[in-house]
Each structure stands twice: as C-alpha cells, then as structure tokens.
Amino acid sequence: MDDSRREQIYKEVIRILSADLEVSAEDIDTTMDLNTELPFDSLQLYEFVIDLEEAYNIKLPDEMLDQMKTVDDIVNLIMRLTDGK
Amino acid sequence: MKSEEEVMSEALVRIFENVVLTEEKSLQAGYFSDLSIAEMHTLTAIGPYESRTMTKTAEDLGITTGTLTVAIDRLVKKGYVIRQRDTNDKRVVRISLTRNGKLACRMNSKFHRVLAKHILSGYNEEDRKHLLALVNEVDVYVAQQLRRYDGAVNVRKTAMEVAKDSKKENE
C-alpha cells in the first residue's frame, strides 16, 4: 500500500518538477541534489514548492525546505504530510 | 567621540533605512519590479496560505480598511491578489494570493532570511544566541513604544504625514 502511494507521489513530483524546470522526466533521478544537480533558480524552486502545496494541499514552509536535500527527501516529506489524508 | 546613545540611535535608523532600501532595490532588479515595498508588505500580511479578511489584514498592517481597499484594488489588477466574498457571510470580504502573489511573497521572505543568515553566519553559536537575545530585547522595547500609540486613528498615516512635513521643512 505504502509502496504504491510512494510510487504515485514520486511520479507526480517528477511530473511537476520536469514541467517547472522544463527538463525531461527521464533526466531526473530521485537521488539528485536539489541545490547542486538540478537547474533551479530561486523562482523556479518556489514555483515547484507552490505546485506541490497545491497538488497535495500541504504547507511547505522554508524551515522545512531547508532540510530537503534530494528529490527522495521531498517524496518522503509528502508521504509524511499526507499520511491519513 | 560619539556617545553610546548617538552610536546606537544612528545605527538603529541606518539599519532600518538600509534594510528597506536594499529590499526596494532587490525588488526593482528582480522578477517583481512592478511591486512597491508597501505592496510587497501587503502581500506578506495576507500570507501564502489561507485567505484572510480585509479587516484583520488592515489591522495587522496598521492601516484603515479604506486604505487597504485601494491597495488591494491595485494588487488585484496586477494579478497578485484574489478578492472574494466569504461563502458563509456575504458581508465579509476575504483576500488571498494568486500563484504569482505567493511567489512574490515567498521570494521576499527568502530575501529577509538570506539577510539574517548572512548576519548570523559571522558568529559562533554562543555569540549568535547572545545577539538574538539582545535583538529580541530591542524588538520588544520598540514594540512597547508603538503600543503606547494604540488607539491613535492611524499610526502609519500619522507617521507618513510627519515624514512628509519634515521633508517639506528641509526643502
């Protein structure tokens, strides 16, 4: 159950990320570092964050984002925040 | 040699002015150059999440709802704010941020956070704690002074008028 939910969230995160960054989904790896390996500028980062907040009806304040290093971290955080929703 | 009071008072005014000026310049040079600082602060008061009432937002900004209405009209036209009637009480107007409004608000928070991060990065943990405690005391004291004017019709407006008058005097 958790695995299929994780898979679903993962796919959606990659879809949003590839749309916001205008890069192909195949070029995005879950272990990629958000700060150094993905071509984000700060505006794109917040576009991505706001899209995630709206897609999952969650809040991702900066203090929480500071802890996020990889795409995997983001997927885990969404899993946690949407648990029971 | 300057007295401690002079050094403190000049530094306080300078910090305030320079933070505002830096914020203004970063706005002009950035993605949201069509926003003034006052407009950015209005977006911040609304916040990126739940919608808020006009009355509560005006209260937080220390302005009248009439003044806020004019500001919100402009922000709606610029595409940063959505204005809606409350679904339960049609007399209440609620405001929230559009996607662009949320982006502007978060970018501005980031500006403040980066500034704070750079200031703190020059100190070790013990000094950072000490500095934060002192800054907090100054903050509490200045907020207390502001509360002395509670009940004044419109503190912001009064302050702006004072600024305008002293500008005229200097001309």
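**View 1. Strands β2(B) and β3(B) pair up in the antiparallel sense over 5 bridges.** In chain B, strand β3 covers residues 93–97. Across the pair, Val81(B) sits opposite Leu97(B) in β3(B). Strands here are DSSP runs of E at least two residues long, helices are runs of H or I with at least four residues, and both are numbered from the N terminus. Two strands count as paired if DSSP finds at least two bridges between them. What you're looking at is a predicted model, where local features need pLDDT of at least 70, side-chain atom pairs count only at pLDDT 80 or more, and totals for chains, interfaces and linings use all residues. Residues are numbered from 1 along each chain as its sequence is written, while chains are lettered from A and ligands numbered from 1 in the order in which they are written.

**View 2. The open sheet of chain B has 3 strands in the order β1-β3-β2.** Its pairing is antiparallel. The edges are β1 (52–53) and β2 (81–85) of chain B, each pairing on one side only. Helix α2(B), residues 37–46, packs on this sheet and touches β1, β2 and β3 of chain B. The direction of α2(B) makes about 105° with that of β3(B) (angles run from 0 to 180 degrees between N-to-C directions, with axes fitted to C-alpha atoms, for helices over the stretch in contact; contact means C-beta atoms, placed from the backbone, within 7 Å).

**View 3. Chain A has 4 helices and 0 strands.** From the N terminus, its elements run α-α-α-α. Its C-alpha atoms fill a box of roughly 35 × 30 × 20 Å, taken along the principal axes.

Methods:
Two residues are in contact if their C-beta atoms, placed from the backbone, lie within 7 Å.
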